[in-house]
Amino acid sequence: MTDGSRELEQAHAAFDRRAWDEAYARLVAADEAGSLGPDDLQRLAVSAFLTGRDDVAEDRWARAYQAFDEAGAVQAAARCAFWLGMVLITARGAEARGSGWIARAQRLVHERAPRDCAERGYVLLPAALRALDVGDAEAAHAAFDQAAAIGDRFDEPDLVALARLGQAQALLRMGAEQPGMQLLDEVMAGVDAARVSPITPGIVYCGVILACQQVFDVRRAQEWTASLTEWCADQPGLVPFRGQCLVHRSELARLRGDWAEAVAEADQACERLSIPPDPAAAMAYYQRAELHRLQGEYAAAESAFEQAAALGHDPHPGLALLWLDQGRTQAAAAAVHRIIDQTSDPYPRVSDEARDPRPRAHLLGACVEVMLAVGDTPAAWAATTELTELAESLGTPLVQAVTAQARGAVLLADDQPGAAVRALEEARSGWLELQAPYEVARTRVLIARALRELGDDDTAALEHRAAAKVFDEVGATPDLQRLDAPAAHPPSGLTARELEVVRLVVGGRTNREVAAELVISEKTVARHLHNVFTKLDLPNRSALTAFAYEHDLV
């Protein structure tokens, strides 16, 4: 056996056990020693891609394509062109070059390949993805179904996995969440069987996890993120997909209240996805910005949001919530109104998923928070109504908790503290079930406010202390400061809505005029005034006016 043959044999062994750095080094050595055949050029291209050497990967795939074509191996050449096109588009964001290679694969198949072959299924996938991208989920589903049938007929696990993933995404966009998620489970079972080629599992893992996030299926997201982590760890030298894995792990760590781990994972993701640049880097910077915001590091948050935006990720609603924290309420409201008006689809476009995986439910939750802050209760109600419809459609625990919390907050702002407590207790139970301590604490703050309005100050204090403990533990400095802010506890002992009524009454408005301005009933205005007179021990409006001016309430 010659040295070159021995090197190639060892390269094949390294490739088969997925030791990508070793496989790459040995294949490069074999290539330098003598011309590699097209199959080994493809192996070199795959090894180069999986170790982050994208330029080498593109060159070797192109050489493999040419070698297959010159040898008359039309189907192998078409498949080679397909993979190069997919990698260029999905991993490098090179739409023009990638589309050119996809078109080349399609031309080969349609003009020179047999009428019935597996490659005809592969070249259906890009058109199906485009249909899904422009919102034609039915056409996309039909094309993916055709591709999957071809994959089944020719026993092509890669084609079946990619086509079934597309089918599931189409079902989700068609509103068929349950069959869509069941199909994703089927896809993942196929990936776990280790029958697919080296690149396909990463594509499928990331696609499935993003789909789980879009329907707020935290349990599935946790399960498949753990599987993705294990898959990455088992492959020495693997570069692609590790960054996306870190982003997903950061998001889950943030939800379960382990913010130190969430920060560490997000920092690693930003570093790994930036060199060489990866489309998913935008998602990593957005996640990092959110963590900065929640911890009160506003300058760092703004910088990270700007980096995410520069990489193609809409910085809202995170940036709008940052502006809200900074007191820029009108800017926050304008931004939220814009994204709500522009984003009518519950799911992002497929081509945007790596940069912006946010579903509409996430935007609506932020909308409620901002609209209540600027006093636009009708807009908050509208967002809550839409959230309720989504919760009924999706049925996942997280979106149900988001919806119950939004409904409770709006009821509280609408002077219905009793109904608010019931909705907020439902939200708290949901967050507790999901083991999301920060969200539980935020809900407790709202419950405490509602209980104070109902006169149950002692229970409100219990909720307040429980929330403060969690905010301190996770590092939510802004939330802790808001709890302790004097504005949250007016010297007069009045609630925020009671103070609004006082200011209007002192300004000379009648009960009817107060009701019209605050969009509440006259009966509610009368109840607020009764509470005010009782709390302040005042006999009438004249005494209230004197008290208000004396204590700087107006």
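Helix H12 (residues 200-214) packs with H14 at an angle of about 25 degrees, their axes 11 Å apart. The axes are lines fitted to C-alpha atoms, for helices over the stretch in contact, and angles run from 0 to 180 degrees between N-to-C directions. H12 is therefore roughly parallel to H14; angles under 35 degrees count as roughly parallel, over 145 as roughly antiparallel, 65 to 115 as roughly perpendicular and the rest as oblique. The crossing of H12 and H14 is left-handed, meaning that the near helix is turned anticlockwise from the far one by less than a right angle. Cys206, Ile209, Leu210 and Gln213 of H12 make the contact with Gln244, His248 and Glu251 of H14. Contact means heavy atoms within 4.5 Å. Helices are DSSP runs (H or I, at least four residues), numbered from the N terminus.

This is a predicted model: local features need pLDDT of at least 70, side-chain atom pairs count only at pLDDT 80 or more, and totals for chains, interfaces and linings use all residues. Residues are numbered from 1 along each chain as its sequence is written, and side-chain values use heavy atoms, with hydrogens and water left out.

H16 passes H18 in a left-handed crossing. Tyr286, Glu290 and Arg293 of H16 meet Gly318, Leu321, Leu322 and Asp325 of H18 in this contact. Pro317 is found in the loop between helix H17 (298-310) and H18. Most peptide bonds are trans.

Gln405 sits in helix H22 (residues 397-413). Is Gln405 buried or exposed? At 10% relative accessibility, Gln405 counts as buried; the cut-off for buried is under 20% relative accessible area, for exposed over 50%, with partly exposed in between (1.4 Å probe, protein chains only). Beyond its neighbours within four places in sequence, Gln405 is in contact with Leu424, Ala427, Trp431, Glu439, Arg442, Thr443 and Leu446.

Asp415 is found in the loop between H22 and H23. Asp415 is not a glycine, yet has a positive phi of about 65 degrees. At 6% relative accessibility, Asp415 counts as buried.

Helix H23 (residues 417-433) has 17 residues and reaches 24 Å from its first C-alpha to its last, close to the 24 Å expected at 1.5 Å a residue. That expected span is 1.5 Å times one less than the number of residues. Buried residues of H23 include Leu424, Ala427 and Trp431. The buried residues of H23 pack against H14 (242-255), H22, H24 (437-453) and H25 (457-474).

Gln435 lies in the loop between H23 and H24. Gln435 also has a positive phi, about 55 degrees, although it is not a glycine. At 60% relative accessibility, Gln435 counts as exposed.

Finally, the core. The largest nonpolar core has 149 residues, of which Trp61, Ile199, Val204 and Trp431 touch the most other members. Such a core is a set of buried Ala, Val, Leu, Ile, Met, Phe, Trp, Tyr and Cys residues joined through side-chain atoms within 4.5 Å. Helix H5 (residues 74-90) gives the most to this core, with eleven residues. Apart from this core lies another, of 20 residues, among them Leu494, Val506, Ala515 and Ile520.

Key: Helix = DSSP H or I, 4+ residues; strand = E, 2+ residues; numbered from the N terminus.
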